[in-house]
Amino acid sequence: LRVAMNPTAGRLEIRGFALVLSGGTEIALDADLAGATLTPLGVAAGRLTGLTLDWKADGRLMRGAMEAVGSGIDDRLSGTEAIKAARAGLQSVIDALPVEDESRHHLSRMAASLPEARGVLRLSFQSDEGIGAADLLVAGLGKSPLQDRLASLFAASRLQAVWSQGLQP
């Protein structure tokens with residue numbers, strides 16, 4: 001992992017972040033944060049302008065998280081029903097994202113395979129203006145339709161996704 005300030009570009013650059021779990025899940029990340037500094041509060045104050053994320057999913061990690069999200073949507077749900085609710089919620093976000101149809105298709109294929117998803121998801125995000133914590137808060141609390149809030153959030157951004165299913169154990 002390398003984290004450094006790029007004073008010429010006015011951004012914090014994170015390179016080579018890697019998380020490898022014993023079950024086979026791997027996450028690799030590079031990111032650029034405009035207006036950020038090398039303090040926890042300074043990082044939170046930054047605006048994400050670039051991101052490359054590779055997630056190698058082993059099919060073991062998401063069940064508990066999806067059950068928790070699904071029961072958060074409706075506290076009467078548990079197990080498979082909670083997972084279905086979480087998957088439906090994720091799909092509604094995917095449907096509302098202002099992305100190209102090919103990226104939407106990849107994200108939908110990945111979501112449909114959760115929580116047992118085995119494969120590699122690659123996300124690529126670029127934005128001249130960036131997206132900061134305040135932008136996320138405004139989008140999350142807004143009363144307009146989700147599609148309008150996400151369109152506003154990603155107006156000056158480009159998000160691409162590729163899902164390659166079929167990771168072998």
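Where does leucine 97 lie? I looked it up first. Leucine 97 sits in the loop between α3 and α4. I kept in mind that this is a predicted model.

**Entry: the whole chain**

I counted the elements before going further. The chain has six helices and six strands. I read their order from the N terminus as β-β-β-α-β-α-α-α-β-α-α-β.

Next I checked the overall dimensions. The C-alpha trace spans about 50 × 40 × 30 Å along its principal axes. I then asked what radius of gyration the chain has. I found 17 Å, and this agrees with a compact globule, because for 169 residues such a globule would come near 15 Å.

The chain exposes about 9700 Å². Carbon and sulfur atoms supply 58% of that area. Buried residues make up 34% of the 169 residues.

I also looked at how the contacts run along the sequence. I took the contacts between residues at least 6 apart in sequence. Of these, 58% join residues at least 24 apart.

I noted 17 positive and 19 negative charges in the chain. Their mean positions are 3 Å apart.

**Entry: the core**

How many residues does the largest nonpolar core have? I found 32. The residues with the most contacts inside this core are Leu97, Leu107, Met110, Leu121 and Phe154.

Is leucine 97 buried or exposed? I read a relative accessibility of 10% for leucine 97, so this residue counts as buried, the limit being under 20%. I then listed its contacts, leaving aside neighbours within four places in sequence. Leucine 97 is in contact with Arg104, Leu107, Leu150, Phe154 and Leu159. Two of these names, Leu107 and Phe154, I had already written down among the core residues with the most contacts. Leucine 97 and aspartate 148 are 51 residues apart in sequence, and their C-alpha atoms are 9.2 Å apart in space.

**Entry: glutamate 100**

I stayed in the loop between α3 and α4, where glutamate 100 is found. Glutamate 100 has 52% relative accessibility, so this residue counts as exposed, the limit being over 50%. I checked a distance to lysine 56, which is 44 residues away along the chain. The two C-alpha atoms are separated by 23 Å.

**Entry: leucine 48**

I moved to strand β4 (residues 47–58), the place of leucine 48. Leucine 48 has 22% relative accessibility and therefore counts as partly exposed. Which residues does leucine 48 touch, not counting those up to four places away in sequence? I wrote down Ala31, Asp32, Leu33, Phe125, Ser127, Gly130 and Ile131. I also compared leucine 48 with leucine 12. They are 36 residues apart in sequence and 9.6 Å apart in space, C-alpha to C-alpha.

**Entry: arginine 63 and proline 115**

I found arginine 63 in helix α2 (residues 62–73). At 36% relative accessibility, arginine 63 counts as partly exposed. Beyond its neighbours within four places in sequence, arginine 63 is in contact with Ile83, Pro115 and Glu116. Serine 152 is 89 residues from arginine 63 along the chain, and their C-alpha atoms are separated by 31 Å.

Proline 115 made me look again. Proline 115 lies in the loop between α4 and β5. What kind of peptide bond joins leucine 114 and proline 115? I found a cis bond, with omega about 5°. I noted this because most peptide bonds are trans.

Definitions and conventions: Residues are numbered from 1 along each chain as its sequence is written. This is a predicted model: local features need pLDDT of at least 70, side-chain atom pairs count only at pLDDT 80 or more; totals for chains, interfaces and linings use all residues. Side-chain values use heavy atoms; hydrogens and water are left out. Helices (H or I, at least four residues) and strands (E, at least two) are DSSP runs, numbered from the N terminus. The radius of gyration is taken over C-alpha atoms; the globule rule is 2.2 Å times the number of residues to the power 0.38. Buried means under 20% relative accessible area, exposed over 50%, partly exposed in between (1.4 Å probe, protein chains only). Contact means heavy atoms within 4.5 Å. Accessible areas come from the Shrake-Rupley method with a 1.4 Å probe; for residues, only the protein chains shown count as cover. Lys and Arg count as positive and Asp and Glu as negative; His and the chain ends are not counted. The place of a charge is taken as NZ of Lys, CZ of Arg, CG of Asp or CD of Glu. A nonpolar core is a set of buried Ala, Val, Leu, Ile, Met, Phe, Trp, Tyr and Cys residues joined through side-chain atoms within 4.5 Å.
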